Each structure stands twice: as C-alpha cells, then as structure tokens.
Amino acid sequence: MIRLGLMGRWACVALGLGMLAAVGAGCDDDDGEVKPTGPGNILEVAEADGRFETLLAAIEAAGLNATLTGAGPFTVFAPTDAAFDALPEGALDALLADPDALEEVLLYHVVARAVPSSEIVTLTELTTVQGDTVAITVSNGTVMINDATVVTADVEASNGIIHVIDAVLLPPEEPGPGTIIEVATAAGDFTTLLAAVEAAGLTATLSGDGPFTVFAPTDAAFDALPEGALDALLADPDALEEVLLYHVVADSVPSSEIVTLTELTTVQGDTVAITVSNGTVMINDATVVTADVEASNGIIHVIDAVLLPPEPGPGTIIEVATAAGDFTTLLAAVEAAGLTATLSGDGPFTVFAPTDAAFDALPEGALDALLADPDALEEVLLYHVVARAVPSSEIVTLTELTTVQGDTVAITVSNGTVMINDATVVTADVEASNGIIHVIDAVLLPPTE
C-alpha cells in the first residue's frame, strides 16, 4: 500500500539538543545564520535510506551516477536490496557483467519527469527512459508496477521522486525474428519464392523448428529464368519441390562458416558448390547479395539467381538395362550367375548386351543348359563384358577387345555396320553411371577349348 510522505519531509538535528525541527525551519550554523534544509538528490536520498546498496552499486556499474544526480526531474521505481536478492541465482551477476543490459534494466525503472503517487493511481502505464512502458494497476489501495508492489511512495529528492518497490522490473524481451517464412514475407522481395514454396507444400516445413539455411532467390532472380521455366516448375509439384529443396540446408550455416567450405549438401540430396573470391561468395553460379538474415528457425542468405539441381545421371548398367525393358533374359541370367552386384559396382564396364530376341534365337535347350550350369553361364556372360568403358568412337578403330572372361571378341566394321564376332551392334553408346552398353542382336559364345 502506498504510504504518503514517509520520507517526504526532512528534519535537521538541533545541535546539542537532539530535537527535530519542523520542515521549513533551519539549523543555525556557527555564525547563527539560519540556512534552509531539504532532501538531497535521488542518489543521496537512496544512500541515506540504507535499503538500496545493490541498486546504487548497479547504477555505479552502469555509469548512471551523473545522470541521476542531474537536474531531472526523474521518477525512480527503486527496488530494495531484498528485491535484488529475490532475482534468480546468477541473474544479478550476469547483469553486472553486461553494462549495456544493466543500463537497459536500470533505465526501465526511471521516468523522465516527476510523477507523484496522486498521479500514478490515475494511470495504467508509464513510459520509461529505457523506451518501454511499465503497467500500473491499483487494487484495494495497493499499487503495482508490473509485478512489483510499491511499498513506499513519494520519497522526495531534490531532482525527483522515489517510489520504493519490492521487485526488480525487467524490460520486455525484444521480440526475436519470425520464422524463415515470416521474415521472407516481411522483406517483400520474395513473393515468387514464397508462392513456389506454397505450391510445393513446403510452407509448414520452413515454418517448423529447423534449423535451416535457405539460399533465397529474389523475385528478380526468378524473373531471370528462361521464358516458361517457372510456369513449367509450378505445373510440376515434384520437380518444383526438388528445385526448392536444393536451396535448403538442414542446419544453420552462417556466412562465417560458409566461407570456409567448398560445398554444402542440400535437403534435396545434391551439393551446392561454394566459391569465395575478392569477398564475393558464390553458391554455384549465384552471388550471395545479403548474408546472415536471421530467423527464429535458421538463416537466410539472399542470392541473385535460382539454383537448379544437376540433372540426374543414368543409373548403373543393371538399372539402365532394367529400365529399357528389352533385356529380361540377360538380367535373369546375370542374376542366376551371381553377377548383378558386380555389374552394379563402380566399373567402368563395357557390356555387349544381347536382347531378349537374341537369346530366343539360341538353339533349343541351349539357354536352359546354361542356366543349369552356373560356371558355364558365368563364362558366357563375362565374354560380353570388357573391364573399361569403350565408346563406339574407339571400337571402330579396333580389331578386337579382351573380355573379362579372358578371351577376345573380334571387331569388324563394314559400311557403317559394327560386328562383334557374328553379332551386329544395333544400338551403340547407351550410357550408364558405371559404363557403356552396346546392344547386340546375338549372344556371344566364347571359343571352345
């Protein structure tokens, strides 16, 4: 409850008599001259009171002594030592170790005018010197400043008023940045990106916890795409998602770390290349024009071009042959011989691949006999394989090639037709990630002993 005037009147000691003189009276000095007395400034009054040692030490540490001994007037909501003692453990030490934060807290207790209790009880808030407001509530004669109770009001000082409170006032925390989606929306230069994210169903993901790093192309970057490219992406959600996720890293990667790297793996699965030259950072062929835009769930680096993931290359020889659909017998034979893993490996290999029709042209029972004899089957199959990549441009310069089986196949070229032994190459240079397939129209049989 506010107690008015407890320290609002000051007395002087009648020397030698021990009597209190009324306010407005004077004390005789040695010359018998009566001099007026009054309260000191805010710091002097607080020091004389004895309840504000921590507050005074904090004011000293923050360099605010000169301010609060100045002309003012000020209103100070002054927490007692007990109020500081009630702070969470370590909180006061942390403030004393951070002068800027300490100044913020202390100035949140100061109003840049004299506001007596008679006015305070008519208000709902006051703006502090720190810049934020404190809330005022009055109930049953008790005045609250935020969550602190005014235990003594209207303590007069020569440069203002002190209201004693029982808790330290903490200014509201600065609102942090929003999510990546919110920050991009507020920026106003990512309307196309945000529309694409929405179309791909990724808005909720990029509003989630993260953290993420997003290389964010501006609207101008999307405008620079070839005509029709953006419309094609928006019409293909799967392709759009691939492109967008190629701009996202599943971690928070500030520029200070990026400049130490040569690549980053994206959520899409492929990597982006990082190059730094003369202070310019490139992500693939895009320039980072603004770095380290903070969001609550990650970081945005603004780029001036849209990143396009690398075109997916062909699969392995086994995968390419499977996708072609015309090598079911060959693939079954490779599986039966235990060679699937080999032809899915790094290679590189060249495979002369007989079609299903080529196997059908074998003498009756020949294929069944091979399938029943894994060793013989392996010999035949490896006679179709060369242990390096040999494109048709090289094949036409050769007369033979040594196979993995150990024997050679003969190569003849006539009128543009390439023969491997007695088989014709019907399709050349089918690329695979681990080699080359040349399609042939007959099964190659190794020479007999």
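Ala153 is buried, with a relative accessible area of 0%, where buried means under 20% relative accessible area, exposed means over 50%, and partly exposed lies in between (1.4 Å probe, protein chains only). The model is a predicted one, in which local features need pLDDT of at least 70 and side-chain atom pairs count only at pLDDT 80 or more, while totals for chains, interfaces and linings use all residues. Residues are numbered from 1 along each chain as its sequence is written, and side-chain values use heavy atoms, with hydrogens and water left out.

Ala153 belongs to strand β8 (residues 148-157); here helices (H or I, at least four residues) and strands (E, at least two) are DSSP runs, numbered from the N terminus. Its C-alpha atom is separated by 9.5 Å from that of Val143, 10 residues apart along the chain. Val143 itself sits in strand β7 (residues 142-145), on the covered face together with Ile145, whereas Thr142 and Met144 make up the uncovered face.

On one hand, strand β6 (residues 133-139) is joined to β7 by 4 bridges in the antiparallel sense, and Thr137 stands opposite Met144. The hairpin of β6 and β7 has 2 residues between the strands, and Asn140 takes a positive phi near 50° there. On the other hand, β7 and β8 pair over 2 bridges, again antiparallel, with Thr149 in β8 as the bridge partner of Met144. In the hairpin of β7 and β8, 2 residues lie between the strands, and Asn146 has a positive phi near 55°.

Ser277 stands opposite Thr280 of β14.

Strand β19 (residues 400-402) and strand β20 (residues 408-414) run antiparallel and are joined by 3 bridges, with Thr402 having Thr408 as its bridge partner in β20. These strands form a hairpin with 5 residues between them, and Gly406 in the turn has a positive phi of about 120°. From β20, 4 bridges lead on to strand β21 (residues 417-420), also antiparallel, and Val413 has Val418 as its partner in β21. The hairpin of β20 and β21 has 2 residues between the strands, with Asn415 at a positive phi near 55°.

Val385, in strand β18 (residues 385-386), is buried with a relative accessible area of 4%. Leaving aside neighbours within four places in sequence, Val385 is in contact (heavy atoms within 4.5 Å) with Leu343, Phe349, Thr350, Val351, Thr403 and Val404. Val385 and Gln405 are 20 residues apart in sequence, with 7.6 Å between their C-alpha atoms. His438, in strand β23 (residues 435-440), counts as buried because its relative accessibility is 1%. Not counting residues up to four places away in sequence, His438 touches residues including Thr350, Val351, Phe352, Val390, Ile395 and Asp429.

How values were computed. Two strands pair if DSSP finds at least two bridges between them.
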